[in-house]
Amino acid sequence: MGTRTRGLIALAKKHLPRNYAPSDKFVLRGGEGCTLFDVEGKEYLDMLACYSAANEGHCNPRIADAIFKHLKTRGLTCNANCFWEEQKILFARDLANFCGKFIDPSLNVVLPMNSGAEAVETAMKIARKWAYVVKRVPLNEAEIIFCENNFHGRTIAIVSASTVPQYSELFGPLVPGIKLVPFADLNALKEAINPNTAAFIVEPVQGEGGIIIPPDGYLAEAKNICDDNDVLLVADEVQSGFGRTGKMFGCNYDGVTPDLLILGKALGGGLVISAVVGSKEVMGILEPGDHGSTFGGNPLSCAVARESLRIMRDERLDKKAEYLGGYFEEKLKEIAVESLYIKEIRVRGLWIAIEVWHSGPDAHEFCQRLHRAGILCKETRDYTIRMSPPLVITRHELDFAVEKIREVFCS
Ligand SMILES: Cc1ncc(COP(=O)(O)O)c(C=O)c1O
């Protein structure tokens, strides 16, 4: 390990809390496309894309141009939301058009926020207010249904719905009005709904939960159940959105139009922005003062997100993920046959889970070995290695990943 790495890691240990546990072997400095490099100059293939936040690749030239152009021609990086600002308005129009093209034109009101978790919280607030104002649920009685094994972020309200003990156990008291059902269990959903149910919040594919893909038709039937019971279906597409699954949105697999769509990560092309999108009818329950955020919809993020949407549309990153995901899946399944360690491969688009047997090294250990081989990815849960490369990855780069994965799993 070089002295620069050692020095920075010593500083990190002194000044950063231990809420993450990065490898002590390298410190990243920069990146371009699907390549990241550390402070010693070693290169890695990024097979994580910042959990899908870097779908367009690092330092995408169009994103870089949009940043510089905005700074040079507009200058504004923040704006008090009490004043109208051009980029926020144009961003709302562009995202509404994008959702109209790829899901349904009824999704045409956009509330920009910052993080994915903030957008989930926003959707929870909208659902609760909608339940009181429109559905006439008695005050403070509204319930929201989530799935077991979910991941929607880390705030107190959200971890109140988590089934991972570490996420909530020592952070109580938790937020009431939350019910849990097993993922992909439609009967359980039906049984959990009562007259006070405001919403069902669900990931089209459970990402952090291990790339868990529901059976075909699950979301469509969940939507029917919600409609029959006057319950909002809220799709959390923070990770599944924008091409990751091989379709532009995870909801596209079932042709579902959610009542609320939660977006984040890739939306900003690497900058911080998230959004809740819904119909005028549902979003219209918000009144001045109900909700807000200083940086939510800031001019710089909005200008860059507009370019990010154009890239995703022009380059059809969804189609690329579909095609390259199929190719990668084939290669990984060949490796799985050769390897003693791999139990299962799950793939949806360019979202991959390599599930390893519990009798061998765990997923964390395999990720360390992959890091040493120049492949950056991250375990999710104890025995699942998750890969989600930038969607601009080339077949040549995927072949490099395949070669290294084979070395790690077959030697
Ligand atoms: C489905 C889903 N929702 C919400 C979040 C939270 O996003 P953020 O980390 O930006 O708060 C994540 C993060 O991984 C996610 O995967």
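Helices (H or I, at least four residues) and strands (E, at least two) are DSSP runs numbered from the N terminus. This is a predicted model, in which local features need pLDDT of at least 70 and side-chain atom pairs count only at pLDDT 80 or more, while totals for chains, interfaces and linings use all residues. Residues are numbered from 1 along each chain as its sequence is written. The protein chain averages a pLDDT of 97, and 100% of the residues score at least 70.

The chain is divided into domain 1 (3-59 + 317-410) and domain 2 (74-314), with bounds from an automatic or database domain assignment. Their centres, taken over C-alpha atoms, are separated by 27 Å. Domain 1 brings 24 residues to the contact and domain 2 brings 20, where contact requires C-beta atoms, placed from the backbone, to lie within 7 Å. On the side of domain 1 that touches domain 2, helix 12 gives the most, with five residues.

A pair of helices may be considered next. Helix 4 (residues 86-102) and helix 11 (residues 299-314) pack at about 25 degrees, their axes 8 Å apart; axes are lines fitted to C-alpha atoms, for helices over the stretch in contact, and angles run from 0 to 180 degrees between N-to-C directions. Helix 4 and helix 11 are therefore roughly parallel to each other, a term for angles under 35 degrees. Residues of helix 4, including L90, F91 and F98, meet residues of helix 11, among them C302, A303 and L309.

How values were computed. pLDDT = per-residue confidence, 0-100. Parallel < 35°, antiparallel > 145°, perpendicular 65-115°, else oblique. Contact = placed C-beta atoms within 7 Å.
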